[in-house]
Amino acid sequence: TIALQNGNENKAVLLLERAHRLNPNDTDCGYNLALTYQILGKTKTAINHYRELLDNGLSKPALYTNLSVCLYESGLISESLDLLEVVIDKHPHCTEALCQLAIISEYLTDYKKAYSCLTKVIYVAPSFLPAYRRLCCLPDVDQKALYSLLKKILLRDPSLKNETEYIEAISCLGYQECLSLLYT
């Protein structure tokens, strides 16, 4: 884990593989091993390790979400969606799962579903800044409804005005709207 945190993924894999062989029931080790393979772009191997963890009863939201990302990247869209349905059903406020569902929905041109997911993320976690950019850049979004939503969130959390990522996202609305939100 320390090697992984220090950016030495290859060393992390060697150590985690050894630890996993010594104790295949250590779910933290198994999860970190799968995550490391995912970081290294070895998606098939990561999928196998994530599925093994699910088969062994591990049920944390990040496991489902990371596996969903791997499945999506492997072109297994329907499996990825099915997995996201499971995690969102169990954890309706899981921002990572909702964002991943928004990404897939956007890919499938279901912009209403993407909008709905991102709106939930913003209400649950107003400081989850990546959601704003995705939301503001969605095509076919009612700009007035979006402006109203962003204004409501900004009233609830005025500190967002100081976040560069938030400002970049709302700049998609247009100059006047952006200024109006920032100086409300």
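This is a predicted model: local features need pLDDT of at least 70, side-chain atom pairs count only at pLDDT 80 or more; totals for chains, interfaces and linings use all residues.
**Entry: helix α3**

I began with helix α3, which covers residues 27-39. I compared its length with expectation: at 1.5 Å a residue, its 13 residues should span 18 Å, and the end C-alpha atoms are 18 Å apart, which agrees. I then looked up which residues of α3 are buried. They are Cys-29, Gly-30, Tyr-31, Asn-32, Leu-33, Ala-34, Thr-36, Tyr-37 and Gln-38. I also asked what covers these buried residues, and found that the cover includes α1 (2-5), α2 (9-22), α4 (43-55) and α5 (61-73).

**Entry: α4 against α5**

I turned next to two of those covering helices. The axes of α4 and α5 come within 9 Å and cross at roughly 145 degrees. I recorded the crossing of α4 past α5 as left-handed. On the α4 side, the residues in contact are Thr-43, Ala-46, Ile-47, Tyr-50, Arg-51, Leu-53 and Leu-54; on the α5 side, they are Leu-63, Tyr-64, Asn-66, Leu-67, Cys-70, Leu-71 and Glu-73. Sorted by class, this contact has 10 nonpolar, two polar and two charged residues.

**Entry: α7 against α8**

The passage of α7 across α8 is a left-handed crossing. From α7, the residues Thr-95, Leu-98, Cys-99, Leu-101, Ala-102, Ser-105 and Glu-106 meet Tyr-111, Lys-113, Ala-114, Cys-117, Leu-118, Lys-120, Val-121 and Val-124 of α8. By class, I noted 10 nonpolar, two polar and three charged residues in this contact.

**Entry: two loop residues with positive phi**

In the loop between α7 and α8 I found Thr-109. Thr-109 is not a glycine, yet its phi is positive, at about 60 degrees. Its relative accessible area is 51%, so I recorded Thr-109 as exposed, the threshold being over 50%.

I looked up Asp-140 as well, in the loop between α9 (130-136) and α10. Asp-140 also has a positive phi of about 60 degrees without being a glycine. Its relative accessibility is 72%, so Asp-140 counts as exposed.

Lastly, I located Lys-144 in helix α10, residues 143-156. Lys-144 counts as exposed because its relative accessibility is 71%.

Definitions and conventions
Residues are numbered from 1 along each chain as its sequence is written. Side-chain values use heavy atoms; hydrogens and water are left out. A crossing is left-handed if the near helix is turned anticlockwise from the far one by less than a right angle, and right-handed if clockwise. Helices (H or I, at least four residues) and strands (E, at least two) are DSSP runs, numbered from the N terminus. Contact means heavy atoms within 4.5 Å. Ala, Val, Leu, Ile, Met, Phe, Trp, Tyr, Cys and Pro count as nonpolar, Asp, Glu, Lys and Arg as charged, and the others, Gly among them, as polar. The expected span of a helix is 1.5 Å times one less than its number of residues. Buried means under 20% relative accessible area, exposed over 50%, partly exposed in between (1.4 Å probe, protein chains only). Axes are lines fitted to C-alpha atoms, for helices over the stretch in contact, and angles run from 0 to 180 degrees between N-to-C directions.
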